[in-house]
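Dear colleague,

I am passing on the structure we spoke about, together with some notes on what came out of going through it. Please read the notes with the structure open beside them.

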Amino acid sequence: MTMNHRVILASRPDGPPVEANFAVDPVPLRAIGDGEVLIQNLYVSLDAGFRNWMNEGSGDHILPAMELGAPVMGLTLGRVLESKNPAFAVADLLMSRIAWEEYSITDGSQHWLVNLPAGIDAPPSYHLGILGDTGMSAYFGLTDIGKLKPGETLLVSGAGGAVGSIAGQIGKLQGARVVGIAGSDAKCQRLIDELGYDAAVNYRGSTELGAAISAACPQGVDVYFDNIGGPLLQAAIDNINERARLILCGAISDYHTNKAAPGPNNLFQLVTNQATMSGLMCHHQIDRYDEARNQLMAWVASGQVRNIEYMSRGIERVGPAFCEMFQGKNFGKTVVQLAD
Ligand SMILES: NC(=O)c1ccc[n+]([C@@H]2O[C@H](COP(=O)([O-])OP(=O)(O)OC[C@H]3O[C@@H](n4cnc5c(N)ncnc54)[C@H](OP(=O)(O)O)[C@@H]3O)[C@@H](O)[C@H]2O)c1
């Protein structure tokens, strides 16, 4: 009998997630019924935003709150092993918003399932990173909201993470001076050496973050790509130029709590600088994903953009790797491979 190893939510995180919040639970794999499809999940994409739905009562229009003892919801890339659903054929590769598990059985009605786009010559895991929500967020955030002009300064928080590592590289290609914010001196050095950032600020190494950003951005900040929110957003606002554009992609420093996060208390600077701050949800651009994928793959093929992965293997690594994102251990896109 084939066993399906699933990661269940053993307890709700109180603050950043810890390994004890997750447990691997083996259950026998059942046969599929009419209308169902059996997917073998090859990769699990770890996305910080899913921490939000681990809080009790956190459900919204995107996902219901995750249930204790039930498989943790997330994004996977899998292969169809068996299908009794005419919409999916054996060997199809699917991106799914489903569970952290080795095998998934679904009729598709409760889960988001899409076939991988055809004709792209890239390793499958790239569809979770640069060709997935990660790359789409970076691309549409900068093209639609940032609208960088050559010589302007782009500041990126979470600069060594999945979205940030792509956003910084796109900013360089658009002719900006690019400055990253990350959580250690070693990561800041990697931003410069491996991703081409012009300068980097270690937010953990500085008690005067606003002053450190000012020193790294002597011409001020024209575009701020925010993955973090909280005190980093406040410090960035203290350094904006006139007509700055602030791209709110995520707020990982606020995901730890189900209480309202304190807002920046310096928003009046948006008024005096006639700046704009805009939220971004990449899925709303789904009709334009091909445009973004073609451009990003062209940059990858020419060596102008690197898709960096923080890859590990095995279902037992899924929970720990998710926690590591909140500890800043990852560099690039966090992915766990479950099968070849
Ligand atoms: N809007 C959209 O459509 C969309 C789509 C995808 C992702 N996102 C968002 O984009 C953001 C980045 O996601 P990702 O998947 O690319 O994650 P990631 O950046 O790969 O990983 C998270 C990084 O955030 C930093 N971090 C963690 N806790 C922090 C804290 N309290 N304060 C400051 N930095 C902290 C860590 O790096 P350090 O070493 O620097 O601490 C860590 O490496 C998330 O907020 C996510 O929700 C939005």
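A residue is called buried here if 20 or more other C-beta atoms lie within 10 Å of its own, and exposed if 12 or fewer do. Please bear in mind throughout that this is a predicted model.

With that cut-off, the buried residues of helix H3, which runs over residues 185–195, include Lys187, Cys188, Arg190, Leu191 and Leu195. Viewed down the axis of H3, these buried residues fall within an arc of 155°, so they line one face of the helix. Asp185, Ala186 and Asp193, by contrast, are exposed on the other side of H3. The buried residues of H3 pack against H2, strand S9 (177–182) and strand S10 (199–202), and just after the helix comes glycine 196, with a positive phi of about 80°.

Turning to the overall layout, the protein chain is divided into domain 1 (3–128 + 309–337) and domain 2 (133–283). The contact between them takes 14 residues from domain 1 and 14 residues from domain 2, and the side of domain 1 that touches domain 2 has, by class, 3 nonpolar, 9 polar and 2 charged residues. The C-alpha centres of domain 1 and domain 2 lie 28 Å apart.

The largest nonpolar core has 93 residues, of which Leu155, Tyr224 and Ala236 touch the most other members. Both domain 1 and domain 2 give residues to this core, so it lies between them. Leaving aside residues up to four places away in sequence, alanine 236 touches Leu155, Ile213, Val221, Tyr224 and Asp226.

The ligand is surrounded by 32 residues, the closest being Gly161, Ala162, Gly183, Gly250 and Gly328. Since domain 1 and domain 2 both give residues to the shell around the ligand, it lies between them. Helix H1 (133–146), helix H2 (162–173) and helix H8 (318–326) each supply at least two residues of that shell, and the shell residues divide into 14 nonpolar, 15 polar and 3 charged.

Some individual residues may also deserve a look while you have the model open. Lysine 147, in the loop between H1 and S8, has a phi near 45°, a positive value in a residue other than glycine; with 12 other C-beta atoms within 10 Å, lysine 147 is exposed. Arginine 243, which is found in strand S12 (residues 240–248), likewise has a positive phi, of about 60°, although it is not a glycine, and with 10 C-beta neighbours inside 10 Å arginine 243 counts as exposed.

Serine 278 is found in strand S13 (residues 276–279) and, having 12 C-beta neighbours inside 10 Å, counts as exposed. Not counting residues up to four places away in sequence, serine 278 touches Ile145, Ile247 and Leu248. Serine 278 and valine 7 are 271 residues apart in sequence and 35 Å apart in space, C-alpha to C-alpha.

With best wishes

Conventions. Residues numbered from 1 in each chain as written. Predicted model: local features only at pLDDT ≥ 70, side-chain atom pairs only at ≥ 80, totals over all residues. Near = placed C-beta within 6 Å. Helix = DSSP H or I, 4+ residues; strand = E, 2+ residues; numbered from the N terminus. Nonpolar A, V, L, I, M, F, W, Y, C, P; charged D, E, K, R; others polar. Domains from an automatic or database assignment. Arc of directions from axis to C-beta. Contact = placed C-beta atoms within 7 Å. Core = buried A, V, L, I, M, F, W, Y, C linked by C-beta atoms within 7 Å.
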